[in-house]
Amino acid sequence: MIVTRTFGIFAAAFAVVYTLAFEFHWELFSYHPREGRFGWFQQASIAGGPVMHWYGAIATAALAGLAASAAALPFTRTWKPPHWIGWAVPLLLLVVWIWLLRVFFLR
């Protein structure tokens, strides 16, 4: 099945791009709950309310994961990606997340 051949690549690409999108603010869109609107990329709030970037970061990572899976699909006919890549890369990125969010752990 096509999904099982590329899921590890999707998971690894999703985790890497989500981490980069979080750190460098590469959100595809922002949501402004007080104003009830979406805006492309990272935008400041007009009404002074909170801006939610998480939805945009998830969408960015999902699109990048799908693109990486689609790009790897022709290669998976002859090469079987290792199963560990789908869980080892996200697990290693947990260490990066602990470092990025260390201020919340070390208060």
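The protein chain averages a pLDDT of 84, and 94% of its residues score at least 70; pLDDT is the predictor's confidence in each residue, on a scale from 0 to 100. This is a predicted model, where local features need pLDDT of at least 70 and side-chain atom pairs count only at pLDDT 80 or more, while totals for chains, interfaces and linings use all residues. Residues are numbered from 1 along each chain as its sequence is written, and side-chain values use heavy atoms, leaving out hydrogens and water.

**Confidence by element**

- Of the chain's elements, H2 has the highest mean pLDDT (91) and strand E2 (residues 37-40) the lowest (78).
- Helices (H or I, at least four residues) and strands (E, at least two) are DSSP runs, numbered from the N terminus.
- Where pLDDT is low, the predicted coordinates should not be read in detail.

**The largest nonpolar core**

- Eight names to look for here: Ala 15, Val 17, Tyr 18, Ala 21, Ala 57, Ala 61, Leu 93 and Trp 97 form the largest nonpolar core, 8 residues in all.
- A nonpolar core means a set of buried Ala, Val, Leu, Ile, Met, Phe, Trp, Tyr and Cys residues joined through side-chain atoms within 4.5 Å.
- Buried stands for under 20% relative accessible area, exposed for over 50%, and partly exposed for anything in between (1.4 Å probe, protein chains only).
- Leaving aside residues up to four places away in sequence, Tyr 18 touches Trp 54, Ala 57, Ile 58, Ala 61 and Trp 97; contact here means heavy atoms within 4.5 Å.

**Thr 19 and Leu 93**

- Thr 19 sits in helix H1, and it counts as buried because its relative accessibility is 7%.
- Leu 93 belongs to helix H3 and is buried too, at a relative accessible area of 15%.
- These two are 74 residues apart along the chain, yet the C-alpha atoms of Leu 93 and Thr 19 are separated by 7.7 Å.
- Not counting residues up to four places away in sequence, Thr 19 touches Leu 93, Val 96, Trp 97 and Leu 100.

**A loop residue to check out**

- His 25 lies in the loop between H1 and strand E1 (29-32).
- Phi of His 25 is near 55 degrees, a positive value in a residue other than glycine.
- With a relative accessible area of 41%, His 25 is partly exposed.
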